[in-house]
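User: Could you walk me through this one slowly? I am new to reading structures.
Analyst: Gladly; have a look at it here, and then ask whatever you like.

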Amino acid sequence: MAEADPRKPGDEAPPGTPGTGENLCRTCGGTGKVADAQRSDCRGSGTVTTGIGGA
């Protein structure tokens with residue numbers, strides 16, 4: 001059975017990608033709570049994977 005895609009709508013890259021890290025979700029501010037958690041960028045987790053560093 002194929003594993004489900006671990007990415008969330010707000011992720012810029014898959015989890016574990018070099019040069020990325022966890023960041024607070026902009027939709028819920030890291031609480032994981034919004035009116036419709038399935039529509040939030042983090043799907044209720046409070047975090048998204050984003051690029052770090054760079055110019």
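Predicted model: local features only at pLDDT ≥ 70, side-chain atom pairs only at ≥ 80, totals over all residues.

User: What share of the residues count as buried?
Analyst: Of the 55 residues, 24% count as buried, while the protein exposes about 4000 Å², with carbon and sulfur atoms supplying 50% of that area.

User: Let's pick a residue. Is Thr50 buried or exposed?
Analyst: Thr50, which is found in strand 2, counts as buried because its relative accessibility is 8%, and buried means under 20%.

User: Which residues is Thr50 in contact with, leaving aside its neighbours within four places in sequence?
Analyst: Those residues are Glu12, Gly19, Thr20, Gly21 and Asn23. With Asn23 there is also a polar contact, made between the side chain of Thr50 and the side chain of Asn23 at 3.5 Å.

User: Switching topic, where does Arg43 lie?
Analyst: Arg43 lies in the loop that runs between strand 1 (20-24) and strand 2 (47-51), and it is partly exposed, with a relative accessible area of 42%.

User: What is the phi of Arg43?
Analyst: The phi of Arg43 is near 55°, which is a positive value in a residue other than glycine. As background, most residues other than glycine have a negative phi.

Conventions:
Residues numbered from 1 in each chain as written. Heavy atoms only, no water. Helix = DSSP H or I, 4+ residues; strand = E, 2+ residues; numbered from the N terminus. Buried < 20%, exposed > 50% of the residue type's maximum accessible area, 1.4 Å probe, protein only. Polar contact = N/O pair within 3.5 Å; in protein donor to acceptor, adjacent residues only side chain to side chain. Contact = heavy atoms within 4.5 Å. Areas by Shrake-Rupley, 256 points an atom, 1.4 Å probe, with all protein chains shown as cover.
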